[in-house]
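Open the model in your viewer and keep the selection tool at hand. The tour below goes from one selection to the next and says what is there.

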Amino acid sequence: MGQRPHPSPIFAFVILWLVGWTLRVPVLAAPPLATRIAESYGLEAAGIGALTMLPVVAIAFGAIPAAFMIGRFGVKASIVFGILLMAVASTARGHAPSILSLFSVSVLMGFGVAVFQTALPSATRVWTPGHIALGNAVYLNGMMVGEMSGAGLTLPVMLPLAGNDWRTALLLWSVPIVLIALASLFARAPAVKYASPEVILERRLPTPSLPRWNDGTVWQYGLLLAGSVALFYVINSYAGAILEARGETGALAWLLLLYNAMPLLASFLVLATPGWIGRPGPIAVSAVLSVIGLAGFIFFSGWIAWSGALLTGFAASVELILLVSLPATIASGQAVTRLTAGMTLIGYGVAFVLPMAGGWLANQSDWLEFSLVPSLVFGVAVLFLVAKERRYPVYT
């Protein structure tokens, strides 16, 4: 008897895309408003940097309590709670009475992101059981569009709508996010008759959701994730200073614009080729290309360096999407949450340290490109962690 076809869960895909869109909008809406926020609170450069990075650090370290929450309350409740917490905390940044409270609500916002970011891979298995790889590609495409929205639409669209008040601009961004949280309440798993035996079993048999830190698989995939995140963000962090030192400031504006468009292009590529998800080959190729591109940006100048930067931006984004999609493809039940949480903590935690270490090394030398070297060395080292099998083995 043949396997029953799964209906196309159009509504679930729409909800996954919208939830993915919310992942980065409030985080990336802050940098364009940084000077206005700094004037309101008397922040110096270090304070502005902390305001930008604290939510990212909270995403990394919030993955473990997020896994516990998902195991206790379920996927849908965790997604709705995480989105609402993120929206409320984001708006509260505009009404914080002190710098300490401003930083505190920024951390809370990052924790909200961590909760539903960790839950999304499990949501693809529950809401789109017959289209898991496509479900992952859909929400990650939404995330990339959200990155462009938060970074690119805050100043030209939201700020004028808010009467040039940065506090109101943050509030306006929260309105569609709250509506998306409410829409997520209507997402549901398909009828049991359409679900695979594995999905039916994982609905009935809860398992521990916290990562096992003696698990080599968690470290393997987490360090690969760290490489992709670090290589992408290190160029974003230091490209301006490096191009200025090389006398290439004329290329900075268009290079950063194209560079930050690379994740969106990468997401469309993976959306068109969901069969890549779960296969080591595409991850290995994208990891190698991102390392080659970063080396080109470090050791060359002019158009070769610019091309290298764009290659890294595109390849590292493809690798990131494939790695973030991996848990839902090779695991089931709470094992998806376990693997996602462990990878997130290791990946984003290490990726946060590498650019900082590079900046310290650059300060100790007269070679500004030293700021990129730790990430390059790490990117080469983790190439040895790419599996040699045709597909990654099932994770339990």
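Axes here are lines fitted to C-alpha atoms, for helices over the stretch in contact, and angles run from 0 to 180 degrees between N-to-C directions. Helices (H or I, at least four residues) and strands (E, at least two) are DSSP runs, numbered from the N terminus. This is a predicted model, in which local features need pLDDT of at least 70, side-chain atom pairs count only at pLDDT 80 or more, and totals for chains, interfaces and linings use all residues. Residues are numbered from 1 along each chain as its sequence is written, and side-chain values use heavy atoms, with hydrogens and water left out.

**Stop 1: helix 8 and helix 13**

Select helix 8 (132-161) together with helix 13 (residues 262-272). Their axes come within 9 Å and cross at roughly 165°. Helix 8 and helix 13 are therefore roughly antiparallel; for such labels, angles under 35 degrees count as roughly parallel, over 145 as roughly antiparallel, 65 to 115 as roughly perpendicular and the rest as oblique. The crossing of helix 8 and helix 13 is left-handed (a crossing is left-handed if the near helix is turned anticlockwise from the far one by less than a right angle, and right-handed if clockwise).

Now show the side chains at the contact, where contact means heavy atoms within 4.5 Å. From helix 8 come Leu134, Ala137, Val138, Leu140, Asn141, Met144, Val145, Glu147 and Met148, and from helix 13 Pro263, Leu264, Ser267, Phe268, Val270 and Leu271. By class, this contact of helix 8 with helix 13 has twelve nonpolar, two polar and one charged residues. In this count Ala, Val, Leu, Ile, Met, Phe, Trp, Tyr, Cys and Pro are nonpolar, Asp, Glu, Lys and Arg are charged, and the others, Gly among them, are polar.

**Stop 2: Tyr139**

Stay on helix 8 and pick Tyr139. Is Tyr139 buried or exposed? Tyr139 is buried, with a relative accessible area of 2% (buried means under 20% relative accessible area, exposed over 50%, partly exposed in between, with a 1.4 Å probe and protein chains only). Not counting residues up to four places away in sequence, Tyr139 touches Leu16, Trp17, Gly20, Leu23, Leu120, Pro121, Thr124 and Val324.

**Stop 3: helix 1 and helix 7**

Select helix 1 (residues 10-22) and helix 7 (residues 99-127), whose axes come within 11 Å and cross at roughly 170°. Helix 1 and helix 7 are therefore roughly antiparallel to each other. Ala12, Ile15, Leu16, Val19 and Thr22 of helix 1 meet Phe116, Leu120, Ala123, Thr124 and Trp127 of helix 7. These contact residues of helix 1 and helix 7 divide into eight nonpolar, two polar and no charged.

**Stop 4: the cores**

Next, select Ile79 and Tyr392, the residues with the most contacts inside the largest nonpolar core, which has 88 residues. A nonpolar core is a set of buried Ala, Val, Leu, Ile, Met, Phe, Trp, Tyr and Cys residues joined through side-chain atoms within 4.5 Å. Leaving aside neighbours within four places in sequence, Ile79 is in contact with Val19, Phe116, Ala119, Leu120, Ala123, Trp127 and Ser184. A second, separate core of 20 residues includes Phe232, Ala239, Ala309 and Ala316.

**Stop 5: helix 11 and helix 15**

Select helix 11 (residues 216-245) and helix 15 (residues 302-330). The two axes come within 9 Å and cross at roughly 155°, which makes helix 11 roughly antiparallel to helix 15. The crossing of helix 11 and helix 15 is left-handed. Among the residues making the contact are Tyr221, Ser228 and Phe232 of helix 11 and Trp306, Gly313, Ser317 and Glu319 of helix 15. By class, the contact of helix 11 with helix 15 has 16 nonpolar, four polar and one charged residues.

Zoom in on Ser317, which lies in helix 15. Ser317 is buried, at 4% relative accessible area. Beyond residues up to four places away in sequence, Ser317 touches Phe232, Met262, Pro263, Ala266 and Thr312.

**Stop 6: two loops**

Go to the loop between helix 14 and helix 15 and select Phe300. Phe300 is partly exposed, with a relative accessible area of 46%.

Last, select Asn164 in the loop between helix 8 and helix 9 (166-184). Asn164 counts as exposed at 55% relative accessibility. Its phi is near 60°, a positive value in a residue other than glycine.
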